[in-house]
Amino acid sequence: TWVYAMIVGGTSALSCWEQKLGGAPPQVSLALPENIVAWASLRRVVHGSHFAPNLQARFQWYLLVSFCLVFAEALLQMLGEQLDASNARPGSRFASTLRLLLFASMLICEILLVHRLDSRWPAYHAAEVSRARMASLALAAATRDEAARSDLLLAASLLEALGNEIEADRMAFPIRIGFARPDKALISSIISALTFILATEVQAVLSLLGVGDSSPWR
């Protein structure tokens with residue numbers, strides 16, 4: 001948001017930063033070639049997967065491995081109780097299922113956040129860069145100063161290259177959750193796994209109440 005607010009001035013993004021920090025971020029004019037190069041260099045450092053990549057990868061893997069372990073615990077406990085009903089411990093089973101739901105909720109929220117950061121903000125950046133390029137071309141066509149026209153045409157060329165870079169960077173270096181790209185397919189897989197566990201839990205409760213089949217595997 002900070003990088004976007006530097007070039008978008010006068011919109012809700014800028015107002016948001018003014019309210020939070022008591023001041024606006026520095027405004028950068030994309031009509032100057034040196035500003036374009038500087039802003040592009042800053043974006044390569046602080047945006048998306050380029051910001052503290054090692055720390056991001058470590059955090060994502062920790063969360064993913066923790067979720068897998070909690071899911072494996074709930075699954076193994078469920079299978080063990082299905083194979084030997086005498087091992088059933090409702091309290092322990094409830095606790096493992098609750099932990100699974102909490103971890104899954106955290107993971108789904110993170111996937112949604114990362115998906116927004118990885119897909120929408122590059123589109124915002126590209127849109128502002130495209131507007132700035134159109135403005136530079138329009139000013140270049142209207143000005144009679146050859147030096148100013150040369151600078152504006154150079155700025156337009158740099159903005160075109162920057163727009164291509166933003167799109168290529170989004171495709172080549174996405175923010176990942178472990179090894180997976182955050183998208184609706186990943187959320188669907190997690191929800192499917194949770195549905196399987198929860199359906200088995202519900203059937204187990206119903207069997208304790210004497211309702212329905214005593215085994216969810218039949």
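**Surface patch, salt bridges and confidence in a predicted model**

V46 lies in helix α3, which spans residues 33-46. The model described here is predicted. The relative accessible area of V46 is 33%, so the residue is partly exposed. V46 also belongs to a nonpolar surface patch.

R44 pairs with E165, and their closest N and O atoms are 2.8 Å apart. R44 lies in helix α3 and E165 in helix α6, so the bridge ties together parts that are 121 residues apart in sequence. Both partners are partly exposed: relative accessibility is 42% for R44 and 27% for E165. Side chains of opposite charge can pair when their charged atoms come close.

The structure holds six salt bridges. Among them are two pairs in helix α6. E146 forms a bridge with R149, with the closest N and O atoms 3.5 Å apart. These two residues are three apart in helix α6, about one turn of the helix. E146 is exposed, at 53% relative accessibility. R149 is partly exposed, at 26%. The other pair joins R170 to E167, with a closest N to O distance of 2.9 Å. R170 is partly exposed, with a relative accessible area of 24%. E167 is also partly exposed, at 40%.

The structure holds zero of them. A disulfide is a covalent bond between the sulfur atoms of two cysteines. C68 is partly exposed, with a relative accessible area of 44%. C109 counts as exposed, at 54% relative accessibility.

The mean pLDDT is 80, and 79% of the residues score at least 70. Confidence is highest in helix α6, residues 146-172, at a mean of 93. Confidence is lowest in helix α2, residues 12-21, where the mean is 54. Over residues 214-218, pLDDT stays under 50. For this stretch the model has 11 contacts beyond four places in sequence. Where pLDDT is low, the predicted coordinates should not be read in detail.

Technical notes:
Residues numbered from 1 in each chain as written. Heavy atoms only, no water. Disulfide = S-S within 2.5 Å. Buried < 20%, exposed > 50% of the residue type's maximum accessible area, 1.4 Å probe, protein only. Patch = residues over 30% accessible without salt bridge, like charges linked within 9 Å, V, L, I, M, F, W, Y side chains within 5 Å. Areas by Shrake-Rupley, 256 points an atom, 1.4 Å probe, with all protein chains shown as cover. Salt bridge = Lys/Arg side-chain N within 4 Å of Asp/Glu carboxyl O. Helix = DSSP H or I, 4+ residues; strand = E, 2+ residues; numbered from the N terminus. pLDDT = per-residue confidence, 0-100. Contact = heavy atoms within 4.5 Å.
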